[in-house]
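Dear colleague,

Please find below the structure I promised to hand over, and after it a summary of what was found. I would be glad if you read the two side by side.

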There are 2 protein chains.
Amino acid sequence: MRPFKKYCNGSYDFLNAESRSRSIEHVARTGRPREFDREQTLERALELFWSRGYGATSIQDLVDALAVERGSLYGAFGDKRRFYLEAVRLYWEVYERHLTTALDTSPLLPALREILTHPVRLDELISDVGVPQGCLVGNTTAELVPQDSEATEIVTRSYRRFTDIVAGALRRAQAAGEVTDTHSPEAQAQLLLYIVQGLSLVSRAGLGRPAALAAIDTAVDGLRA
Amino acid sequence: MRPFKKYCNGSYDFLNAESRSRSIEHVARTGRPREFDREQTLERALELFWSRGYGATSIQDLVDALAVERGSLYGAFGDKRRFYLEAVRLYWEVYERHLTTALDTSPLLPALREILTHPVRLDELISDVGVPQGCLVGNTTAELVPQDSEATEIVTRSYRRFTDIVAGALRRAQAAGEVTDTHSPEAQAQLLLYIVQGLSLVSRAGLGRPAALAAIDTAVDGLRA
DNA sequence: CCGACTTCTGTGCGTCCGTTCAAGAAGTAC
DNA sequence: GTACTTCTTGAACGGACGCACAGAAGTCGG
């Protein structure tokens with residue numbers, strides 16, 4: 001299985017900073033030191049959850065894949081649900097960082113097209129088995145929302161952040177005359193959320209890449225002023 | 001829990017015809033007659049699978065909700081997986097029938113808007129617990145595709161039928177000058193598939209209805225010639 | 001070296017899962 | 001009535017699940 005970083009070429013500086021401060025905090029504490037890297041283990045668990053889903057990933061699967069014993073996982077992450085939700089949060093942090101930097105350009109539409117085609121390009125990598133499928137936030141939505149209130153909160157916030165970021169970029173692009181202002185940036189951003197989530201989902205069924213790209217071009221051209 | 005028919009106001013003639021021929025076939029057979037209505041039980045199981053998902057619905061849940069004992073379910077539907085897949089097939093048959101009749105009109109765009117807003121209106125009903133969430137085909141995609149090859153086949157065919165039907169309607173509307181021909185009907189239909197699936201998924205998180213309607217209007221206006 | 005503290009390791013617990021099966025009940029065919 | 005077929009019922013099975021716990025192992029301040 002490929003490492004998590006393979007799927008998102010975003011910066012990991014904030015992760016390094018986090019683990020650094022965490023290890024400082026760790027050295028200060030007494031007791032036997034942890035033998036595994038918590039952040040790295042979380043990333044690998046994220047991959048597993050991503051590719052199999054929450055319910056279909058058993059603790060035993062995690063123990064086998066992470067080479068960390070049961071009790072250690074429970075000690076470091078709490079129960080399975082907390083473990084999963086922390087992985088989802090990490091996933092979104094990375095994605096949001098990627099999204100923010102990618103859309104901070106002018107002209108906007110090429111970057112937007114890049115963002116939208118991301119799931120398709122991810123899909124291209126899926127010749128191996130056990131490779132992540134779709135968007136983890138979308139998968140979580142399908143599996144746990146709205147039954148699990150904490151998952152619902154994470155998912156809702158993620159969607160909200162997506163539309164906020166995209167709407168902000170669209171607002172600037174509207175002002176620059178690049179994007180049509182026949183509809184509000186918020187409505188356009190909401191539509192783009194649907195498109196990227198729908199694309200992530202439908203792409204699992206392995207439809208052809210040309211059809212997906214044609215559909216995305218249709219959407220992007222619809223935004224053009 | 002509301003009956004399945006509540007969620008799809010389409011015609012059930014084909015279902016009646018099916019159960020009629022099935023019961024004729026049944027009378028011809030010897031042995032003890034089945035004490036429950038197979039089609040009705042399948043519909044109720046469909047509701048349960050729809051609201052909880054495949055993995056989260058246990059055989060015990062089905063036994064309790066359907067008032068049919070384990071052995072009878074296994075005798076009538078085979079194992080859990082076959083039961084679920086048959087429910088998904090039924091779901092799509094009903095939806096496709098609804099889609100076909102709804103889009104056989106002119107002008108097309110109001111009907112298309114109706115189709116797209118369907119998940120939102122479904123979402124409005126969700127004040128009760130245990131009410132269907134999203135689109136069952138989409139849920140199946142998230143949970144079983146591509147691991148389960150038979151589920152993948154059903155899902156892929158359903159998506160293909162959707163784009164075929166919608167592309168046909170768009171082609172007619174393009175010829176009538178109602179829909180823009182800057183992009184092919186196939187690309188437009190593929191985009192609409194993404195939108196409706198994304199909307200079904202995201203709506204689970206219970207975002208506001210006005211935002212969803214604004215996004216749909218943006219999409220529909222983008223198709224206008 | 002020592003006691004306090006944390007993590008590691010492996011075993012085991014109770015529960016629920018999907019599935020099977022045997023025995024009885026309820027029909028049809030002749 | 002008898003043989004045959006199918007459905008119903010309820011118990012039981014093996015396995016996997018999430019999770020808890022006791023003891024060993026390692027690190028600290030003193």
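**The interface and the helices behind it**

Between them, chain B and chain A bury about 3100 Å², of which 71% lies on carbon and sulfur atoms; buried area here is the accessible area (1.4 Å probe) that two parts lose on being put together, summed over both. The model is a predicted one, in which local features need pLDDT of at least 70 and side-chain atom pairs count only at pLDDT 80 or more, whereas totals for chains, interfaces and linings use all residues. Residues are numbered from 1 along each chain as its sequence is written, chains are lettered from A and ligands numbered from 1 in the order in which they are written, and side-chain values use heavy atoms, with hydrogens and water left out.

The contact (heavy atoms within 4.5 Å) takes 37 residues from chain A and 37 residues from chain B. On the side of chain B, the residues that lose the most area to chain A are Tyr194(B), Leu201(B) and Arg204(B), which together account for 22% of what that side buries.

In chain B, α7 (136-144), α8 (149-175), α9 and α10 (209-223) each supply at least two residues of the side that touches chain A, helices being DSSP runs (H or I, at least four residues) numbered from the N terminus. The largest share of that side, 12 residues, comes from α9(B). By class, the side of chain B that touches chain A divides into 20 nonpolar, 13 polar and four charged residues, where Ala, Val, Leu, Ile, Met, Phe, Trp, Tyr, Cys and Pro count as nonpolar, Asp, Glu, Lys and Arg as charged, and the others, Gly among them, as polar.

Helix α9 (residues 185-202) of chain A packs on helix α9 (residues 185-202) of chain B at an angle of about 95°, with their axes 6 Å apart; axes are lines fitted to C-alpha atoms, for helices over the stretch in contact, and angles run from 0 to 180 degrees between N-to-C directions. α9(A) is therefore roughly perpendicular to α9(B), the class for angles of 65 to 115 degrees. Among the residues that make this contact are Leu191(A), Tyr194(A) and Leu201(A) of α9(A), and Leu191(B), Tyr194(B) and Leu201(B) of α9(B). The residues of this contact divide into 14 nonpolar, four polar and no charged.

Within chain A, the axes of α5(A) and α8(A) come within 11 Å and cross at roughly 0°, which means that α5(A) is roughly parallel to α8(A) (angles under 35 degrees). The residues of the contact of α5(A) with α8(A) divide into 10 nonpolar, two polar and seven charged.

Finally, some backbone details in chain A deserve a look. A cis peptide bond, with omega about 5°, joins Ser106(A) and Pro107(A), and Pro107(A) is placed in the loop between α5 (80-102) and α6 (109-125). A cis peptide bond also joins Val145(A) and Pro146(A), with omega about 5°.

With kind regards

Methods
Parallel < 35°, antiparallel > 145°, perpendicular 65-115°, else oblique.
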